[in-house]
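Hi there,

Here is the structure I promised to pass on to you. Have a look at it first, and my notes follow below.

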Amino acid sequence: MADNIILIGFMGSGKTSVGKLLAKSLSFQFIDTDEEIEEKNKMKISKIFDVYGEEYFRDLETNYIKNLIHHIQSSVISTGGGLPVREGNSEILRELGVVVYLKARKETIINRVKEDDTRPLLQTDDLEGRVNSLLTLREPSYRETAHIEIETDDLSISEIISEIMGQYHDMVKKDNL
Ligand SMILES: Nc1ncnc2c1ncn2[C@@H]1O[C@H](COP(=O)(O)OP(=O)(O)O)[C@@H](O)[C@H]1O
Ligand SMILES: O=C(O)C1=C[C@@H](OP(=O)(O)O)[C@@H](O)[C@H](O)C1
Ligand SMILES: [Mg+2]
């Protein structure tokens with residue numbers, strides 16, 4: 001297994017914010033799949049959804065992570081919340097490195113995303129209903145994909161980073177990564 005760390009979890013679970021600082025703490029490269037896709041396509045995620053639709057965005061995500069295999073090391077990869085759900089992506093993510101699921105309760109997620117208009121799947125009058133149904137649908141994929149699970153609700157970003165580093169180093173020692 002490569003020494004990369006891959007962060008997965010629902011929208012608002014902290015993948016982007018935790019990933020950035022975790023990479024800094026480890027002196028790893030930081031990659032955010034959404035930022036890379038926006039940069040490569042010169043288009044915001046919400047615009048890609050508007051113009052080409054969700055399936056097209058999912059193709060971009062899958063192609064992007066496939067191309068990382070054998071090409072990156074010592075990197076933290078923050079994924080988009082829907083990435084582990086598509087058939088086949090779970091295996092790709094696990095091949096890329098140690099997969100960490102940032103878990104968050106529905107209430108925590110709603111608090112963190114309610115003011116944000118950049119996530120097309122959450123632009124609805126029934127935010128609670130949408131988060132509830134998507135979370136139920138996705139939870140099994142997150143759990144199947146992850147090597148490590150962290151409950152983030154009551155932790156600060158730096159506490160989450162310490163927790164990830166502790167568990168990651170234990171795995172590295174055990175698996176000789
Ligand atoms: N553990 C945390 N404690 C407090 N705020 C957090 C925590 N994790 C994330 N946030 C905040 O929640 C929002 C969404 O975080 P973000 O990193 O964009 O999530 P994701 O990439 O998983 O969608 C941001 O405003 C971020 O600062
Ligand atoms: O959960 C999802 O389907 C999505 C999550 C977003 O990323 P974050 O999880 O970083 O918000 C982004 O990829 C897109 O809006 C779709
Ligand atoms: Mg993000």
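Predicted model: local features only at pLDDT ≥ 70, side-chain atom pairs only at ≥ 80, totals over all residues.

Residues are numbered from 1 along each chain as its sequence is written, while chains are lettered from A and ligands numbered from 1 in the order in which they are written.

The five strands form an open sheet in the order 2-3-1-4-5, with parallel pairing. Strand 2 (29-32) and strand 5 (148-151) are at the edges and have a single partner strand each, so one side of each is left without a neighbour in the sheet. On average, neighbouring strands of this sheet are turned by 20 degrees against each other, direction ignored. Angles run from 0 to 180 degrees between N-to-C directions, and axes are lines fitted to C-alpha atoms, for helices over the stretch in contact. Helix 2 (residues 33-41) lies across strand 2 and strand 3 and runs at about 70 degrees to strand 2.

**Ligand 1**

Which residues come nearest to ligand 1? Of the 15 residues around it, these are Gly-14, Lys-15, Thr-16, Ser-17 and Arg-112. A residue is near a molecule or strand if its C-beta atom, placed from the backbone, lies within 6 Å of it. Helix 1 and helix 8 (157-175) are the elements that give two or more residues to this shell, and helix 1 gives the most, with three residues. By class, the shell around ligand 1 has four nonpolar, nine polar and two charged residues. For these classes, Ala, Val, Leu, Ile, Met, Phe, Trp, Tyr, Cys and Pro count as nonpolar, Asp, Glu, Lys and Arg as charged, and the others, Gly among them, as polar.

**Ligand 2**

Around ligand 2 you will find Met-11, Lys-15, Thr-16, Asp-34, Ile-45, Gly-80, Gly-81, Gly-82, Arg-119, Pro-120 and Leu-121. This shell divides into four nonpolar, four polar and three charged residues.

**Annotated positions**

UniProt, in an unreviewed entry, lists Gly-12, Ser-13, Gly-14, Lys-15, Thr-16, Ser-17 and Arg-119 under "binding site". UniProt positions are given in the numbering used here, feature names are shortened, and annotations may be inferred rather than shown by experiment. I looked at three of these positions:

- Gly-14 is in the loop between strand 1 (4-8) and helix 1 (15-26). Gly-14 counts as buried because it has 22 C-beta neighbours inside 10 Å (buried means 20 or more other C-beta atoms within 10 Å of its own, exposed 12 or fewer, partly exposed in between, with C-beta atoms placed from the backbone). Leaving aside neighbours within four places in sequence, Gly-14 is in contact with Leu-102, Thr-152, Ile-157 and Ile-160 (contact means C-beta atoms, placed from the backbone, within 7 Å).
- Thr-16 is found in helix 1. Thr-16 counts as partly exposed, with 17 C-beta neighbours inside 10 Å. Apart from neighbours within four places in sequence, Thr-16 is in contact with Asp-32 and Ser-78.
- Arg-119 sits in the loop between helix 6 (106-113) and helix 7 (127-145). Arg-119 counts as partly exposed, with 16 C-beta neighbours inside 10 Å. Not counting residues up to four places away in sequence, Arg-119 touches Met-11 and Val-113.

**Loop residues**

From C-alpha to C-alpha, Glu-115 and Thr-16 are 17 Å apart in space, and they are 99 residues apart in sequence.

For your backbone checks, Ser-27 has a positive phi near 55 degrees, in a residue other than glycine. Ser-27 lies in the loop between helix 1 and strand 2 and counts as exposed, with 7 C-beta neighbours inside 10 Å. Lys-42 is not a glycine either, yet has a positive phi of about 50 degrees. Lys-42 is placed in the loop between helix 2 and helix 3 (45-52).

Best wishes

How values were computed. Helix = DSSP H or I, 4+ residues; strand = E, 2+ residues; numbered from the N terminus. Contact = placed C-beta atoms within 7 Å. Pairing = 2+ DSSP bridges.
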